[in-house]
Amino acid sequence: MNRMWLAGVALGVGLALSGTAAAQGITVAVAGPMTGQYASFGTQLRNGAEAAVADINAAGGVLGKQLKLTVNDDACDPKQARAIAEKIANAKIPFVAGHYCSSSSIPASEAYAEGGVLQITPASTNPTFTERKLWNTFRVCGRDDQQGTVAGEYIAKNYKGKNIAILQDKSTYGKGLADEMKKALNKAGTKEKMYEAYTQGDKDFNALVSKMKANNIDLVYVGGYHTEAGLILRQMRNQGMKTQAMVAGDAIATNEFWSITGDAGDGMMFTFGADPRKRPAAAEVVKKFKAKGVDPEGYTLYTYAAMQIWVQAVKKANTTDAKKVAEVIRAGKWDTVLGPISYDKKGDITTLDYVFYKWNKDGKYDEIPMGKGS
């Protein structure tokens with residue numbers, strides 16, 4: 001009798017544990033720079049992921065289960081990103097929205113591919129991310145060869161005959177973007193007067209600014225992040241440079257840029273997708289964010305969209321198996337806060353909409369009509 005009783009207890013405990021496991025739901029991840037100099041973008045990713053998970057759970061969850069979100073900090077460091085990816089894969093988490101920096105997303109994607117994790121990056125724009133024929137890589141943003149081309153053609157058209165300097169921070173993102181812009185600029189018949197590299201984390205750019213001043217630079221293009229770009233611009237103004245404009249890429253889409261530049265940022269331009277906050281499909285979500293006092297700027301809604309795509313594909317596939325879900329994503333069209341999204345075989349979105357923005361005296365950025373000068 002004792003043995004039978006013990007066996008019954010063991011079976012009961014096993015059933016209880018399995019029931020608890022089921023009640024725990026499905027864990028998904030978001031990964032990005034939650035700390036460090038690019039933490040403002042990590043906050044965007046986290047805000048988007050948390051809002052999406054909350055809304056998905058309120059609507060009933062996924063496959064009858066609630067979602068749980070784990071937040072992972074890579075500090076935009078490639079080694080740390082790889083370590084995080086291995087940890088997520090070992091935990092059998094089927095999906096990650098991340099990373100932010102291309103230099104993190106690329107090494108992480110390899111660990112995810114090996115560990116059976118589907119990855120949708122909201123923000124990594126380097127072409128290499130989707131060019132390696134990995135089964136698990138997708139993005140909801142465009143690519144640097146696309147936004148670099150838009151920038152190069154715009155500058156060639158609107159600043160013909162001007163002295164142009166191209167700066168890049170040696171990162172996967174920054175150098176890649178600067179080189180794509182240079183390629184488009186040169187193809188359009190315009191040659192830059194300067195091409196210079198600087199180091200991420202530097203604070204003093206006075207020597208670089210002096211060189212640009214000596215070369216009578218009219219426009220500066222920066223392939224890099226808001227932290228250094230903001231300091232370069234401020235030091236340009238401090239040295240009295242009358243440069244007409246500074247132009248950069250999507251890594252300027254954070255209100256933190258203005259906190260670095262102050263009024264010196266007025267007129268600075270950058271490329272980014274059409275403002276997701278103004279899309280009809282995002283209206284209700286934006287309203288919820290604003291009710292909480294949160295501006296869903298930059299890549300906040302891109303992260304929300306990444307979560308939406310994965311959830312819709314899981315429901316259609318009726319499984320969280322990453323490889324099966326990946327196949328469904330490639331074959332489908334998905335309704336998101338960014339509007340309808342579909343994919344090519346590489347995992348790139350099929351509709352692109354890079355436009356130009358300009359920072360204004362009120363510390364806000366607004367879209368400017370294409371074809372117009374500064």
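**E1 and its neighbours**

I started at Thr27 and looked up its bridge partner in E2, which is Lys68. This is a predicted model, so I kept an eye on confidence throughout. Strand E1 covers residues 26–32 and E2 covers residues 67–73; I count 7 bridges between them, and the two run parallel. Next I followed the chain from E1 to E2: it passes through helix H2, residues 39–58, and the β-α-β crossover is right-handed.

Which strand takes Ala29 as a bridge partner? I found E3, where Val96 is the partner of Ala29. E3 spans residues 95–98, and its pairing with E1 is parallel too, over 3 bridges.

Then I checked how enclosed E1 is. Of its 7 residues, 6 are buried, so the rest of the structure largely encloses this strand.

**Confidence**

I noted a mean pLDDT of 92 for the protein, with 93% of its residues at 70 or more. Residues 1–23 are another matter: pLDDT is below 50 there, and beyond near neighbours in sequence I get 1 contact for the stretch in the model.

**Gln119**

I moved on to Gln119, which sits in strand E4, residues 118–121. Is Gln119 buried or exposed? Its relative accessibility is 0%, so I put it down as buried, the cut-off being under 20%. What does its side chain find in there? A polar atom of the Gln119 side chain lies 2.9 Å from the backbone oxygen of Gly98. Leaving out residues up to four places away in sequence, I listed what Gln119 touches: among them are Val96, Gly98 and His99, then Ser105, Ala108, Ser109 and Tyr112. Further along the chain, its contacts include Phe129, Asn136, Thr137 and Phe138.

**Asn126**

Asn126 was next, in the loop between E4 and helix H5 (128–131). Which backbone oxygen lies 3.1 Å from a polar atom of the Asn126 side chain? The one of Thr172. Thr172 also turns up in the contact list of Asn126, along with Ser102, Ile106, Arg139, Asp144 and Gly176, again not counting residues up to four places away.

**Rings around Phe272**

Last, I went through the aromatic pairs; the structure holds 20. I picked Phe272 with Tyr302: ring centres 5.6 Å apart and planes at 40°, so I wrote the pair down as tilted. Phe272 is in strand E10 (residues 269–273) and Tyr302 in helix H12 (residues 300–317), so the pair ties together parts 30 residues apart in sequence. I checked both for burial: Phe272 is at 2% relative accessibility, which makes it buried, and Tyr302 at 6% is buried as well.

Phe272 also pairs with Tyr357, with centres 6.2 Å apart and planes at 55°, so this pair is tilted too. Where does Tyr357 sit? I found it in strand E13, residues 354–359, so its pair with Phe272, in E10, ties together parts 85 residues apart in sequence. Phe272 and Tyr357 are both buried. My summary for this spot: Phe272 pairs with Tyr302 of H12 and with Tyr357 of E13.

How values were computed:
Residues numbered from 1 in each chain as written. Predicted model: local features only at pLDDT ≥ 70, side-chain atom pairs only at ≥ 80, totals over all residues. Heavy atoms only, no water. Helix = DSSP H or I, 4+ residues; strand = E, 2+ residues; numbered from the N terminus. Buried < 20%, exposed > 50% of the residue type's maximum accessible area, 1.4 Å probe, protein only. Polar contact = N/O pair within 3.5 Å; in protein donor to acceptor, adjacent residues only side chain to side chain. Contact = heavy atoms within 4.5 Å. pLDDT = per-residue confidence, 0-100. Pairing = 2+ DSSP bridges. Right-handed = clockwise from strand over helix to strand, strands pointing away. Phe/Tyr/Trp six-rings, centres within 6.5 Å; stacked < 30°, edge-to-face > 60°.
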